[in-house]
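Please read the following briefing alongside the sequence and the model.

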Number of protein chains: 2
Amino acid sequence: MTEPKTPEVAATRAPAKKHARDGKPNATIYDIAKVAGVNPSTVSRALTKPGRVSAKTQKLIEDAAAELNYQVNPFARALPTGRTNTFGLIVADITNPTFFDIIRGAETTATLRDYTLVLAESAESAVTELTAARRMMATVDGLILASPRMNDDDIRRLARDKPVVVINREVDGVPCVVPDVNKGISEAVRSLAANGHTKVAFVAGPPQSWMSARRWDGVQAACEWSRLEAVRLESTKPTVDGGRQVARDVRASGATAVLTYNDLLAIGLMQELQAAGMVVPDQISIVGFDDIFGADFTTPPLTTVRSPLGKCGAGAATLLLDLLHGAGEPAATLRVETELVLRGSSGRLLPAG
Amino acid sequence: MTEPKTPEVAATRAPAKKHARDGKPNATIYDIAKVAGVNPSTVSRALTKPGRVSAKTQKLIEDAAAELNYQVNPFARALPTGRTNTFGLIVADITNPTFFDIIRGAETTATLRDYTLVLAESAESAVTELTAARRMMATVDGLILASPRMNDDDIRRLARDKPVVVINREVDGVPCVVPDVNKGISEAVRSLAANGHTKVAFVAGPPQSWMSARRWDGVQAACEWSRLEAVRLESTKPTVDGGRQVARDVRASGATAVLTYNDLLAIGLMQELQAAGMVVPDQISIVGFDDIFGADFTTPPLTTVRSPLGKCGAGAATLLLDLLHGAGEPAATLRVETELVLRGSSGRLLPAG
DNA sequence: CTGAAAGCGCTTACAG
DNA sequence: CTGAAAGCGCTTACAG
């Protein structure tokens, strides 16, 4: 005869591998239910929406949870609800200081509101960016795109799936956070005018940059107001190196003051001009944009139009969170102020001699 | 008579809220199974471990998946397996440039190996750091701690739960990635000796900093070798401001060359010394540590001992991923080389006069 | 206020 | 090679 089958004793299925590599696996609401002597669904209620459970039961459950060192399993929670308490932030370049404060601002408000921040980088590529965004969409409740490189339609398409907030760019129908350049620029231009400058050059950023266009607009308007002549110069790339390369065009332009698309360009430009023997600001004034980390390391320290990047990050996160919780208008644009930070690289023009 | 109950027609439960805010919810493996005419479990196999399914079925399933624009639900996947394809990185300060390249290095290798990076910041607080770490542990497969502030035991405790890799510090029993300071320091000290310096000062970092201690050790050893006198000075904080504040001690020390715990200190020190009329490097040589972003913005640009921070981030991520996939030794320490980056802030001492 | 049950979308032993 | 079933740990309508 063959051995009798005894299904009752059949090997129980091996439990899924637990996180803990030693000893106790994480406690579940079932463990709590057992200890507290209630149904698991009651535990779930007590833990998610206090108030629906009697004070007594609530306490029982909380004590049991504490005793067992209970931690919810976010995946188990996400599965039925679809909510993850996580949002994504995609930046063009993690090592570009422009994004540091944005990241910090977003991270801080995320943590404050009990959300987790997931970070990805597009390496300045629209394709990489879109791929990263699509990928993230699966695991986050919402997405922040800082200075996105992809086109408006792609952004709107993403925004149909889940809340998306854009920083440093305006996209129709999508909530955005953008620094309003006008105040900072007019302060800068007025300061230059007061110091005797009559012709200013603007060194532009990448052609596709939405922000570069806004800044050039602002410079033109402010110059018109102050009766200064404004000329626009192109850069090869928005970096220190690009700043060096544009130096000869700047000299050729005859301008005695320069505003650049960003601080990196300003720093490179200043280095190159100084290497050629020019004295800043006696012979030429230089004004950057953003007030990045390191802008005051130069000699003279850089005058710049500061964008409140940290505020942008925090504002975007707040907007997103509000959207997720049903508050806030769908597609409001949040404008944050810019301001002139007057340092040593701009000032009075000395008479030639 | 009461109405007869017709359980078959009982209202079906409302489906959980879907991600998509408009139209089609995401396709599931059940949808694919239907289209491909196979069992969902077969779909799962085809999608996770190709090779266990006949080529024909495989193709059928892949086509269906493509057609339905299928995306796995990471939460559903994580629940039975416990694996999330995510790892965490905790840094002390998101706006400290030392971490930029670490973050980038980690992010790049994560993405390359199909992992997602979750970022958190401890704001230089050991408590916040531990909280963030515990919190992350629930959702990641492993954790990277960059320059952690918590104590060794807490780190080891975390490491018992899931793989943990530490950067910029050595913790017994935990895999670490640390820059080996000796090469860079001895290059720096030899260069100073060759330029006629005989007494060098080291401006230390925070007392609890493991790395500061290593650097001071290295400076002492290298000075002994080159027969230079080495003195140690304390700083109040490892920032530009801290560098300014230590300037008077530096002058009082009589040293003609200074190595500082980090570049920020070096930059602040240089600014203050120059403001007092000293010429760098003619009257004093300054050497920083790390080669952070902006170290070359100064005039003269900063000589510094570069730590390959990007490599640290990437190395830590690789170590972690290997650990997660069962390769690699449990607690190996990965050492990366440092090197001197010779720029203008160090050089020959000019005879006084 | 609380219990019992179904379901979220996967994975994976177990049979065949 | 493939199907049928159980289970991962939660949440939430449905009853009472």
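This is a predicted model: local features need pLDDT of at least 70, side-chain atom pairs count only at pLDDT 80 or more; totals for chains, interfaces and linings use all residues.

A polar contact here is a pair of N or O atoms within 3.5 Å; within protein, one of the two must be able to donate a hydrogen and the other to accept it, and residues adjacent in sequence count only if both atoms are side-chain atoms. Residues are numbered from 1 along each chain as its sequence is written, chains are lettered from A and ligands numbered from 1 in the order in which they are written, and side-chain values use heavy atoms, with hydrogens and water left out.

**DNA strand D**

- A residue is near a strand if one of its heavy atoms lies within 4 Å of it; there are 31 residues around DNA strand D, of which S44(A), R77(A), T42(B), R45(B) and T57(B) come nearest.
- Of the atoms of DNA strand D that come within 4 Å of the protein, 64% belong to sugar and phosphate.
- Helices (H or I, at least four residues) and strands (E, at least two) are DSSP runs, numbered from the N terminus; α4(A) provides the largest share of the surface near DNA strand D, 5 residues.
- Sorted by class, with Ala, Val, Leu, Ile, Met, Phe, Trp, Tyr, Cys and Pro as nonpolar, Asp, Glu, Lys and Arg as charged, and the others, Gly among them, as polar, the surface near DNA strand D has 10 nonpolar, 13 polar and 8 charged residues.

**DNA strand C**

- Around DNA strand C there are 31 residues, and T42(A), R45(A), T57(A), S44(B) and R77(B) come nearest; sugar and phosphate make up 63% of the atoms of DNA strand C that come within 4 Å of the protein.
- Phosphate oxygens of DNA strand C lie 2.7 Å from a polar side-chain atom of T42(A) and 3.0 Å from a backbone N or O atom of S54(A).
- A base oxygen of DNA strand C is 3.3 Å from a polar backbone atom of P80(A).
- The elements that give two or more residues to the surface near DNA strand C are α2 and α4 of chain A together with α1 (29–36), α2 and α4 of chain B, and α4(B) gives the most, with 5 residues.

- On a 1 Å grid over the protein atoms alone, a cavity is a set of points where a 1.4 Å probe fits but cannot get out, and a pocket is an open set with protein on both sides within 12 Å along at least five of seven lines; lining residues have an atom within 4 Å of a point.
- Grid points are joined across faces, edges and corners, and a volume is the space filled by probe spheres set on the points; the second largest pocket holds about 860 Å³.
- The lining of that second largest pocket comprises 38 residues, among which N96(A), F99(A), E124(A), R149(A) and P238(A) lie nearest its centre, and it divides into 17 nonpolar, 11 polar and 10 charged residues.
- The search of the whole structure finds 1 cavity of 30 Å³ or more, and the largest cavity contains about 40 Å³ of space.
- I94(A), F100(A), I103(A), L119(A), I94(B), F100(B) and I103(B) line the largest cavity, with α5 of chain A and α5 of chain B each giving two or more residues.

**Cysteines**

- Over all chains there are 0 disulfides, a disulfide being a pair of cysteine sulfur atoms within 2.5 Å.
- The sulfur of C176(B) is too far for a bond, because the closest cysteine sulfur, in C312(B), is 11 Å away.
- Buried means under 20% relative accessible area, exposed over 50%, and partly exposed in between (1.4 Å probe, protein chains only); C176(B) is buried at 1%, and C223(B) is buried at 0%.

**Backbone details**

- The peptide bond from T299(A) to P300(A) is cis, with omega near -5°, and P300(A) sits in the loop between β9 and β10 (303–306) of chain A.
- V280(B) and P281(B) are likewise joined by a cis peptide bond, with omega about 5°.
- R227(A), which is not a glycine, has a positive phi of about 60° and is exposed at 76% relative accessibility.
- D290(B), also not a glycine, has a positive phi of about 110°; D290(B) lies in strand β9 of chain B and is buried, with a relative accessible area of 6%.
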